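Q: I am new to this structure and would like to go through it step by step. Could we look at it together?
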Amino acid sequence: MRAGAFGPPFALAMGGFGGDGPAMTPLGLFLLLAAPCFGSFAALLAQRMAAGQEALTIPSRCDGCGRRLRMWELVPLLSWLWRHTLRRGRAPCCGYRLPPGLFVPELLALAGTLWAILVLPEPLWPVGAGLSWVLLALSLIDLRLYRLPDPGTLGLLLAGLALAAAGFVGPLHDHALGALIGFGTLAGIAWAYRRLRGVEGMGLGDAKLLAAAGAWCGWTALPSVMLIACLAGLGLAAAAAMRGGAISAKTALPFGPALAFGFWITWLHGPLVLA
């Protein structure tokens, strides 16, 4: 098996984007403008879930003084650029020093959307963008809470089966089987670890996310999803160790972000193939 040997499952939408790529259309422009907004919401959702707060009804406020933020202070990317250039990274109301990485989820959502536009035909642009946004939200939540919420994982599973039923991604039976095998694989590993070690080693949220990957990618793509996820997980663990964190057999590391990355790469570019 060789790295980079992907077989794209979708034909490129050719046109005028950079001469040889997909044509930029009003739909693509709308998705690119919307992406940072969803990235910002994903970060807010993860933050408020970690704090046990309601994500949708509570207005955004300054973390320093509690003042309600104005609409122009919530514009993704631009508001961060304004605060970190003209305000030197401080809130204009009280001088509270803002975390430097607030823009990262917004930028990741934008990058995922652009990636989907470059790879997929136009009718699937909203599907690809939506998948990247949900996977980003699940990853951010897992990084904070070490769990993956059922509405996200099960919603992705049902969406994948619906795409297969509509004929967009392959035979429905292959994708339904993928969901069953995906869930059974990680649920079985979690059960075996619990029996052998007497402690929880993996939550069922990861099993549900792999089931969703099977529903979107089909059962034959699951080895690629897991291989890419494991490599990404090792990279995250190495990055944590380089930052000074002690890594041991008992260290809790969220697997959701790595699994989401394997899911995303495999769905967009197809499974790894033998050389």
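This is a predicted model: local features need pLDDT of at least 70, side-chain atom pairs count only at pLDDT 80 or more; totals for chains, interfaces and linings use all residues.

Q: Let us begin with helix 6 and helix 7. At what angle do they pack?
A: Helix 6, residues 172-197, and helix 7, residues 204-217, pack at an angle of about 160 degrees. Their axes are 7 Å apart.

Q: And are they roughly parallel or roughly antiparallel to each other?
A: Helix 6 and helix 7 are roughly antiparallel, because their angle is over 145 degrees. The crossing of helix 6 past helix 7 is right-handed.

Q: Which residues make the contact?
A: On helix 6, the contact is made by His175, Gly178, Ala179, Gly182, Phe183, Leu186 and Ala187. Helix 7 contributes Leu204, Asp206, Ala207, Lys208, Leu210, Ala211, Gly214, Ala215, Trp216 and Cys217.

Q: How do those residues divide by class?
A: The contact of helix 6 with helix 7 has 11 nonpolar, 4 polar and 2 charged residues.

Q: What does the side chain of lysine 208 join in a polar contact?
A: The side chain of lysine 208 is joined to that of aspartate 150 by a polar contact of 2.7 Å. Leaving out residues up to four places away in sequence, lysine 208 touches Asp150, Thr153, Leu154 and Phe183.

Q: A new topic, then. How do helix 3 and helix 9 pack?
A: Helix 3 (residues 104-119) and helix 9 (residues 256-269) pack at about 20 degrees, with axes 10 Å apart. That angle makes helix 3 roughly parallel to helix 9. Helix 3 passes helix 9 in a right-handed crossing.

Q: Which residues make that contact?
A: Gly112, Trp115, Ala116 and Val119 of helix 3 meet Trp264, Ile265, Leu268 and His269 of helix 9. By class, the contact of helix 3 with helix 9 has 6 nonpolar, 2 polar and no charged residues.

Q: Lastly, where is threonine 25?
A: Threonine 25 is in the segment before helix 1 (26-51). Its relative accessible area is 16%, so threonine 25 is buried. Not counting residues up to four places away in sequence, threonine 25 touches Glu122 and Trp125.

How values were computed
Residues are numbered from 1 along each chain as its sequence is written. Side-chain values use heavy atoms; hydrogens and water are left out. Axes are lines fitted to C-alpha atoms, for helices over the stretch in contact, and angles run from 0 to 180 degrees between N-to-C directions. Helices (H or I, at least four residues) and strands (E, at least two) are DSSP runs, numbered from the N terminus. Angles under 35 degrees count as roughly parallel, over 145 as roughly antiparallel, 65 to 115 as roughly perpendicular and the rest as oblique. A crossing is left-handed if the near helix is turned anticlockwise from the far one by less than a right angle, and right-handed if clockwise. Contact means heavy atoms within 4.5 Å. Ala, Val, Leu, Ile, Met, Phe, Trp, Tyr, Cys and Pro count as nonpolar, Asp, Glu, Lys and Arg as charged, and the others, Gly among them, as polar. A polar contact is a pair of N or O atoms within 3.5 Å; within protein, one must be able to donate a hydrogen and the other to accept it, and residues adjacent in sequence count only if both atoms are side-chain atoms. Buried means under 20% relative accessible area, exposed over 50%, partly exposed in between (1.4 Å probe, protein chains only).
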